Amino acid sequence: MSKVKELFWLFIFGGILIFSSCSDGGEVSVPRKTGIIVVNEGNFGAGNGSLSFYDEELQSITNNVIESANGGAEIGSLVQSVYLHDGIGYVLCNDANKIEFIDHESFGFLANPLDDVNVPRYMTVVGNKGYISCWGPYDANYALPDSYVAVMDLATKSIIDTLECGSGPEGIVASGNTLFVANSFETSVSVIDLSSGSSSKIELEAAPQHFVQDAAGNLWISLTAGWAYPPDKSGIQAIDIASLEKGAFVPVLDVKGVLAIDSQSENIYVLTAEAYPKTGTTVLKYNTITKSLATNPIVSGDNFYGIGYNRTTDKLYVADNLAFSGNGKITVYDQDGALLDEQVAGIGPNGFVLK
């Protein structure tokens, strides 16, 4: 049987897509399976954000998958995040004020980019609509008074409405018909009822960033102190989704903002980073059942920039930006922090998406 026929039957019977990549400067055929998309932010203003694909089974990474799939065409922007839904990847590019649409299997562009969003950050989907947290423009004092949530019609890939929220919205999640938005330039979470359009706020003690949900149905939010709030206000805060009441607060020094949660929705992984110019970073683990924060870090090092968790295989991912001095790297661990693999990624890896 010829090599071409072998590849053809692998595709038909195994669901494997073969594509060419430029990860090592040459053309390499790589079997595509379920794995992890690595979001490489790129250098600010340089337009060199990219995506990588990590194959867990083969323990191999393919960089620049967008360029490889699109005849050398690049994203041309800083990449903030990627959201996957119904076979489409939504690539949110905050400095270029656009969203690119890609096929989640081939990474090929699907449509012209949507370019009427102002500093898009993160996205979630409810029904046939996407909801995108948007910072909006800075004013003369570098504040964000005109932040909003953009509403996208997924069928037409167009913005059809905007919703009010607080300043600097970051993480955005939905529970049923209720939208939760972390307002990172203030100390509140906006709660938006998508049925009625009504909106309210839950006031917190520091700046909220990102969400995970535990097995008991509580929403956990990372709170960062930075230079604006007392250090003891940094940590993770629980909110009861049904009552919208605040629950436990767990102080965690130097919270960076990104959270991940394990396959049982019990252990929350928290990224911490010392204040500039220090570079020390750690990943800590909090158990929501025993209500205990591990004394020792699961992982520690320098310049950690993002974390993720594959809840299918119970693997923890850590992104290291290596001070944006060139390509960053990703490291893969088991759920207790034992090193499994390490790979070179693109510039400024900041997050992971299970594909």
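Start with E170 and R121: their side chains meet in a salt bridge, 2.5 Å from N to O. A salt bridge here is a side-chain nitrogen of Lys or Arg within 4 Å of a carboxyl oxygen of Asp or Glu. E170 lies in strand β13, residues 169-175, and R121 in strand β9, residues 120-126, so the pair ties together parts that are 49 residues apart in sequence. Strands are DSSP runs of E with at least two residues, numbered from the N terminus. Both E170 and R121 are buried, meaning under 20% relative accessible area with a 1.4 Å probe, protein chains only; exposed is over 50%, and partly exposed is in between.

A word on the source. This is a predicted model, where local features need pLDDT of at least 70 and side-chain atom pairs count only at pLDDT 80 or more, while totals for chains, interfaces and linings use all residues. Residues are numbered from 1 along each chain as its sequence is written, and side-chain values use heavy atoms, with hydrogens and water left out.

Back to the charges. How many salt bridges are there by this rule? The count comes to six. One of them joins E186 and K201, at 2.9 Å from N to O. That pair links distant parts of the chain: E186 sits in the loop between β14 (178-183) and β15 (188-193), K201 in strand β16 (residues 199-203), and they are 15 residues apart. K201 is partly exposed, at 41% relative accessibility. Another salt bridge joins E100 to K98, with the closest N and O atoms 2.8 Å apart. E100 is buried, at a relative accessible area of 6%. K98 is buried too, at 13% relative accessibility.

Now the aromatics. The structure holds 10 aromatic pairs. The rule: rings of Phe, Tyr and Trp (its six-membered ring) pair if their centres lie within 6.5 Å; planes under 30 degrees apart count as stacked, over 60 as edge-to-face, the rest as tilted. Y54 and Y317 form an edge-to-face pair, 5.8 Å centre to centre with 75° between the planes. Y54 lies in strand β4 (residues 50-55) and Y317 in strand β27 (residues 315-320), so this pair ties together parts that are 263 residues apart in sequence. Y54 is buried, at 1% relative accessibility. Y317 is buried, also at 1%.

Next, W220 and Y286. Their ring centres are 5.4 Å apart and their planes stand at 55°, so the pair is tilted. W220 lies in strand β18 and Y286 in strand β23 (residues 280-287), so parts 66 residues apart in sequence are tied together. W220 is buried at 4% relative accessibility, and Y286 is buried at 3%. Elsewhere, ring pairs link W135, Y138, Y142 and F185 into a cluster.

First, β27, the strand of Y317. Five of its six residues are buried. It pairs antiparallel with strand β26 (residues 304-310) over six bridges; strands pair if DSSP finds at least two bridges between them. N310 stands opposite K315 in β27. The hairpin of β26 and β27 has four residues between the strands, and D314 takes a positive phi near 55°. On to β28 (residues 327-334): six bridges join β27 to it, antiparallel. A319 stands opposite I330 there. Six residues separate β27 and β28 in their hairpin, and L322 in the turn has a positive phi of about 50°.

Now β18, the strand of W220. Is β18 enclosed or open? Six of its seven residues are buried, so β18 is largely enclosed by the rest of the structure. Strand β17 (residues 207-213) pairs with β18 in the antiparallel sense over five bridges. Q213 stands opposite L219. These two strands form a hairpin with four residues between them, and G217 in the turn has a positive phi of about 90°. Six bridges join β18 to antiparallel strand β19 (residues 235-240). There, Q237 is the bridge partner of I221.

Last, the pocket. W220 and Y286 turn up again, among the lining residues of the second largest pocket. A pocket is an open set of points on a 1 Å grid over the protein atoms alone, where a 1.4 Å probe fits, with protein on both sides within 12 Å along at least five of seven lines; lining residues have an atom within 4 Å of a point. β18 (218-224) and β20 (246-251) each supply at least two residues of that lining.
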